[in-house]
Amino acid sequence: MNKLDNAERRRRSRVRAQLMERVQQGDADACRALLDDIGPSLTYFLRRRVADPHELEDVYQEVFMAIFKARHTYEPKRPFEPWLFAIARNIAADYARRRWSRARWEELVAEPPDQPAESSNTAAPELKTVLAKLPSDQREAFSMLKLDGLSLEAAAVRAGISVGALKVRAHRAYRALRRLIGE
């Protein structure tokens, strides 16, 4: 029975590789067939990596978009599944990092406080003052990524620059903020 399973896996892998090759050539029917074929496997793979079942669909769609954008990087002579699941694993890891960075700032309490804590009142103007000292492009990058919570891609589109350029601006902003806050 194991030989049958392995033979079936190899056959399915060859079919997927052929479909992906046709997708690279612009065949919409092959694209639909490929996405229908890999959907259940991809869902199973992501369920084990995405903690929030409500966000599973978003991550699933993000993987499909990444596959489509990166279709030119697939080499048809190589197995399809390692390429596919490497993309899925990276997107799931990015999702987890974003989720944990948001969760790190949240503090759950049984009862909401009667009045705002004093530290939050003094911290907000301080942040505004420090941010005002940054160059406008760095301030914009920091605000979009850390205050607005945009993804790198969305922030880059909004700023009208590449993701790499946005990363550089954000890194410079973080470095300058560390220096300014230290003063």
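Q: Which residues in H2 meet which residues in H3?
A: Leu35, Ile38, Gly39, Leu42, Thr43, Leu46 and Arg47 in H2 meet Leu56, Val59, Tyr60, Val63, Phe64 and Ile67 in H3. Contact means heavy atoms within 4.5 Å.

Q: What classes are those?
A: The contact of H2 with H3 has ten nonpolar, two polar and one charged residues. Ala, Val, Leu, Ile, Met, Phe, Trp, Tyr, Cys and Pro count as nonpolar, Asp, Glu, Lys and Arg as charged, and the others, Gly among them, as polar.

Q: What should I know about the model and the numbering?
A: This is a predicted model: local features need pLDDT of at least 70, side-chain atom pairs count only at pLDDT 80 or more, and totals for chains, interfaces and linings use all residues. Residues are numbered from 1 along each chain as its sequence is written, and side-chain values use heavy atoms, with hydrogens and water left out.

Q: At what angle do H2 and H3 pack?
A: About 130 degrees, with the axes of H2 (residues 28-47) and H3 (residues 56-69) 11 Å apart. Axes are lines fitted to C-alpha atoms, for helices over the stretch in contact, and angles run from 0 to 180 degrees between N-to-C directions. Helices are DSSP runs (H or I, at least four residues), numbered from the N terminus.

Q: So what are H2 and H3 to each other?
A: Oblique. Angles under 35 degrees count as roughly parallel, over 145 as roughly antiparallel, 65 to 115 as roughly perpendicular and the rest as oblique.

Q: Back to Thr43. Buried or exposed?
A: Thr43 is buried, with a relative accessible area of 18%. Buried means under 20%, exposed over 50%, partly exposed in between (1.4 Å probe, protein chains only). Leaving aside neighbours within four places in sequence, Thr43 is in contact with Leu56 and Tyr60.

Q: How many residues has the largest nonpolar core?
A: The largest one has 29 residues, and Leu42, Leu46, Ile67, Phe80 and Trp83 have the most contacts inside it. A nonpolar core is a set of buried Ala, Val, Leu, Ile, Met, Phe, Trp, Tyr and Cys residues joined through side-chain atoms within 4.5 Å.

Q: Which helix gives the most to this core?
A: H4, with nine residues.

Q: What does Ile67 touch?
A: Not counting residues up to four places away in sequence, Ile67 touches Met20, Ile38, Trp83, Leu84 and Ile87.

Q: New topic: how do H6 and H8 pack?
A: H6 (residues 136-147) and H8 (residues 163-182) pack at about 95 degrees, with their axes 8 Å apart. That makes H6 roughly perpendicular to H8.

Definitions and conventions. Helix = DSSP H or I, 4+ residues; strand = E, 2+ residues; numbered from the N terminus.
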